[in-house]
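Welcome to a short tour of a protein model. Take a moment to look at the sequence and the 3D view, and then we will walk through them together.

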Amino acid sequence: MGLVERGHELTVLRDFLTESDFGRGRVVLLTAPVATGRTELLRTFADEAARTGVHVLSATASRAERQLPFGVLRQLLQSARLPDYAGGIIELLDTGVSTAVLSQPLTESLDQPSASVLHKLCLALLMLIRQTSTVICVDDVQFCDIASLHCLLYLVRRLHSTRALLVLSETAWSGHAQPEFEAEVLRQPHAHRMQLGPLTHQGVHALLAEELGAGVAHRLADEAYDISGGNPLLVHGLITDYRASARGGAQPGLVVQAGFNQAVVSCLYRCEPTMLQVAQGIAVLGEPGGPARLGRLLEIEPEAVTQNIRALEAAGLLEGGRFRAAAVEAAVRGALPPGEQALLHGRAARILHDDGAPARAVAGHLLAADGVTGTWVVPLLHEAAEQALYDDQMDLALVCLRLAYECGTDERQRAQTRLALAHVEWQFDPMRALRRVDDLIQAIAGGYLTAREALAPISWLIWFGRVEEAWQAAETLRAACAGEKLDAPSPDLMESMQSARLVISSLYPAIVQHAGESAAGAAGPAAATPDEADGDPVRQVRSLLLVPGADPPTVERTHLLHAGYPWERPARIAGMAMAVLVYGDSIEGTTSWREALLQEQQSHRAPTLRALFATLRADAALRVGQLAVAERRARAALTHIAARSWGVGVGLPLAVLLHACTSMGRYDEALRHLRQPVPEALFQTPVGVRYLQARGRYFHATGRYSAALADFESCGELLARWNLDLPAFVSWRPDAAETCLMMGHDQRARDLMREQMARLPKAHPRIRGASLRVLAATADPAERLDLLRRAVNALRISGDRLELIKAYRDLGLAHLALGEGREGRIAVRHARDLARLCGAEGLTAGLPVDLEAAGATPEPASIASMAQGRLALADGDPDGGVAELSDAERRVASLAAQGHTNRQIAGMLFVTVSTVEQHLTRVYRKLNVSRRSDLPTGLRPGHAGPV
């Protein structure tokens with residue numbers, strides 16, 4: 001392999017050799033950073049000289065042999081072809097009479113015996129090199145023994161008139177360098193210093209091209225230079241790794257594997273021991289701490305640290321006191337034995353703590369250390385965990401708290417750490433936090449947690465529907481607060497109570513009522529409000545947490561989202577998200593809160609919060625009719641955390657999925673979601689009301705009207721029990737009314753819609769439009785068109801495209817029923833186009849694309865008769881079996897008897913084809929017929945409404 005970027009130096013050495021061949025001896029001191037090709041240059045030059053007949057003497061000094069007298073000189077002589085007259089030189093070296101020379105520094109004069117021995121040895125060497133042209137190479141001269149250095153100096157002073165070239169190489173910035181030796185050498189007129197440095201960018205490119213080809217060099221030269229700093233040894237390590245990766249036939253990029261790591265380690269072990277220590281210290285500290293801090297860590301002088309940093313920078317390993325590449329730092333750290341690494345990290349933690357470094361920086365060393373103790377350790381780990389949570393680094397927060405728990409020294413400290421751990425674990429998986437609740441309740445009873453801290457475990461019990469346990473924990477909290485005898489709750493505590501009550505009342509208003517009844521029994525006819533309880537801290541705590549209210553919780557105090565400790569913030573965000581999801585339009589400022597929460601999702605990686613945010617986004621998509629988007633986001637919500645970890649909240653994403661799949665007409669998928677197990681406690685929460693409504697709509701769409709009506713009525717019963725029967729919360733009456741119409745309970749449907757209209761809020765166009773649409777189905781034909789037009793206008797404003805599809809569908813069929821074909825077709829086309837856009841084909845399954853082109857336009861009289869009254873038997877109808885048919889079955893049977901197809905009947909009666917088929921099956925059985933041509937001719941239209 002040829003030398004890269006060393007051609008100039010090689011040429012200079014050749015020129016010096018030519019000059020020495022004419023009797024003008026030369027001395028060259030070759031200086032280079034570690035592992036930058038100095039030895040390779042020396043070896044290449046020596047081999048080239050030997051091939052031309054030059055006599056070459058070579059030696060390599062070693063740190064291990066530095067105490068061996070005349071070790072380097074022995075290597076030189078042993079590499080020579082000694083003549084007969086010089087045979088006694090080796091014997092002289094072996095006698096050991098020169099040991100006195102070893103102890104005398106270069107700056108001192110030698111005693112007579114030492115000088116005599118030295119003179120004889122050097123004279124023999126001079127006689128040897130005068131016989132022929134000679135090159136003498138000594139590598140790593142900084143490790144040369146003192147005796148050999150004396151000999152080399154003796155030779156240097158007398159070399160100018162010989163045919164010899166002496167090349168001495170040394171490592172730059174070496175701690176073992178001999179400044180007196182260098183000064184004596186370089187002051188000679190025939191001496192020359194030659195300095196090498198790392199390869200340039202062009203040099204790295206050339207080396208890669210030589211080893212791997214021009215194409216690879218073009219792709220990888222920039223990255224290779226950035227990682228290696230031009231150090232040839234490191235570049236060769238990268239080449240080795242590239243070749244290993246390319247053996248499979250692929251064209252890999254630059255990889256850092258064993259070859260590079262070994263090159264780094266080899267480079268460092270060629271250095272002085274202190275240079276290796278400094279590199280390891282920088283790897284452990286992970287940041288420039290200055291020579292003073294690094295010296296304290298390594299227990300060496302700052303001046304030595306500075307010198308070694310310069311040497312590492314010259315070698316291309318460091319840049320500005322830092323490792324120039326993460327791969328180099330990783331290799332250095334990997335070469336450090338685990339025990340030594342832990343020891344250095346422990347020492348670094350103490351030093352950084354004493355220097356007032358940030359908690360995160362100190363905690364990193366504590367985590368890597370072993371057995372660090374001190375009263376400062378646990379508080380610092382808590383602080384580091386808080387900082388990690390602010391930066392959404394939950395994994396780091398978790399490991400900091402686990403170590404803090406291990407280092408805890410008293411029950412109060414361990415209880416607080418256990419609570420903090422549970423807070424972070426809740427963000428990963430609420431089930432993990434639940435496993436700590438029993439211990440936390442004991443800590444509350446023991447007085448190891450404050451009232452504020454105790455709120456979290458109570459909220460977690462509520463999350464999982466363990467209501468009785470939550471109530472008992474609240475009683476434990478009350479007793480603990482009474483025992484503390486606080487003068488007044490702090491503002492922080494009051495804010496925490498407010499946000500905790502938001503979570504609790506959002507998920508389980510029954511416990512709020514239970515608390516209110518207990519408080520009323522203890523304090524009089526009415527429970528104390530927060531203002532009324534100012535004089536009694538215990539009553540204030542209870543009232544803030546558990547006072548019942550007639551309305552859903554409000555969230556006008558926007559600072560609750562960001563207030564409080566870092567542990568509490570995710571729970572606050574979760575509480576707000578849950579409240580918005582559960583109560584929807586009934587919460588003040590829902591829109592702005594929804595936007596604020598969706599902005600929060602950008603800064604959170606916590607699986608629990610991501611699941612809630614995904615549900616929020618799914619619900620938002622559902623509201624504007626983006627069914628496929630809503631379904632995808634709701635599915636994602638159930639993958640971020642397992643369904644069991646949702647607790648009673650699992651009803652929220654499932655409700656979105658049920659609603660979306662039902663509206664898309666994908667009933668099999670909806671059924672699979674319906675089979676997902678849910679906790680029993682779900683049906684005692686407002687979340688359960690949302691779920692019941694979605695399930696009822698699925699039952700209605702698939703013709704299971706009794707089950708649908710039961711679900712809708714259950715919604716009403718629960719909401720009435722909690723005093724939350726507000727159309728803006730869950731508008732269940734229109735759903736129930738539609739189902740009643742399908743079952744032929746027309747009067748019940750009209751009663752439900754009268755109640756609905758009486759309860760409508762003033763400024764909710766979405767709810768008003770949906771209610772007007774169903775009201776139209778119960779109204780007289782003369783009022784129906786007007787109600788449907790008002791419904792369409794309101795729903796256009798609201799942005800609820802699903803309800804708008806239904807309104808257009810019903811408006812179109814109402815126009816057709818009155819013989820207004822053009823207006824009817826326009827409205828039906830609007831419904832179909834909007835349904836196609838939303839993917840809600842299930843809402844328009846029975847509507848033809850073009851009534852006239854399809855030949856599906858019924859006779860105007862037939863449609864009008866449908867709109868005017870109920871289907872009834874003709875006077876004197878001889879077929880008494882018809883009397884057993886329900887109103888819905890009569891409507892379907894009448895249209896079938898007139899010759900309409902099942903799809904046409906479905907479009908006329910606002911139902912699915914499947915519903916028509918089910919009705920006809922029951923009609924055939926009751927009338928004992930097998931096909932529609934056998935239906936009694938006595939059926940005639942009387943009063944018609946939606947099935």
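## The chain as a whole

Residues 24 or more positions apart account for 70% of the contacts in the chain with a separation of 6 or more, where contact means heavy atoms within 4.5 Å. This is a predicted model, in which local features need pLDDT of at least 70 and side-chain atom pairs count only at pLDDT 80 or more, while totals for chains, interfaces and linings use all residues. Residues are numbered from 1 along each chain as its sequence is written, and side-chain values use heavy atoms, with hydrogens and water left out.

The chain has 947 residues, and 56% of them count as buried. Buried means under 20% relative accessible area, exposed means over 50%, and partly exposed lies in between, using a 1.4 Å probe and protein chains only. The secondary structure comes to 46 helices and nine strands. These are DSSP runs numbered from the N terminus: helices are H or I with at least four residues, and strands are E with at least two.

## Strands side by side

Let's start with strand β1 (residues 26–32). Six of its seven residues are buried, so β1 is largely enclosed by the rest of the structure. Strand β1 pairs with strand β4 (residues 164–171) in the parallel sense, over seven bridges; two strands pair if DSSP finds at least two bridges between them. Along this pairing, Arg26 stands opposite Leu165 and Ala32 stands opposite Thr171. Strand β1 also runs parallel to strand β5 (residues 191–195), joined to it by five bridges, with Val27 opposite Ala191.

Is β4 mostly covered or uncovered? Eight of its eight residues are buried, so it is mostly covered. From β4, Ala164, Leu166, Leu168 and Glu170 point one way, Leu165, Val167, Ser169 and Thr171 point the other way, and all are buried. Strand β4 pairs with strand β3 (residues 134–139) as well, in the parallel sense and over five bridges. In that pairing, Ile136 stands opposite Leu166.

## A closer look at Ala59

Ala59 lies in strand β2 (residues 55–60). It counts as buried because its relative accessibility is 5%. Which residues does Ala59 touch, not counting those up to four places away in sequence? They are Val72, Gln75, Leu76, Cys137, Val138 and Asp139. Ala59 and Ile136 are 77 residues apart along the chain, and their C-alpha atoms are separated by 8.3 Å.

Helix α32 (residues 627–640) has 14 residues. From its first C-alpha to its last it reaches 20 Å, close to the 20 Å expected at 1.5 Å a residue; the expected span is 1.5 Å times one less than the number of residues. Its buried residues are Leu627, Val629, Ala630, Glu631, Arg633, Ala634 and Ala637. They pack against α31, α33, α34 (667–674), α41 and α42 (821–838).

Glu631, found in this helix, counts as buried because its relative accessibility is 7%. Leaving aside neighbours within four places in sequence, Glu631 is in contact with Leu657, Ala660, Cys661, Met664, Arg666 and Glu669.

## Empty spaces inside

Rolling a probe the size of a water molecule over the atoms shows where empty space is left. On a 1 Å grid over the protein atoms alone, a cavity is a set of points where a 1.4 Å probe fits but cannot get out, and a pocket is an open set with protein on both sides within 12 Å along at least five of seven lines; lining residues have an atom within 4 Å of a point. Grid points are joined across faces, edges and corners, and a volume is the space filled by probe spheres set on the points.

A search of the whole structure finds seven cavities of 30 Å³ or more. The largest cavity has a volume of about 640 Å³. It is lined by 31 residues, and the closest to its centre are His659, Arg690, Gln693, Arg697 and Arg766. Its lining divides into 15 nonpolar, five polar and 11 charged residues. Here Ala, Val, Leu, Ile, Met, Phe, Trp, Tyr, Cys and Pro count as nonpolar, Asp, Glu, Lys and Arg as charged, and the others, Gly among them, as polar.

Of its 27 lining residues, Ala35, Gly37, Arg38, Glu40 and Arg270 lie nearest its centre. Helix α2 (38–51) is one of the elements that give two or more residues to this lining, and α2 gives the most, with four residues.
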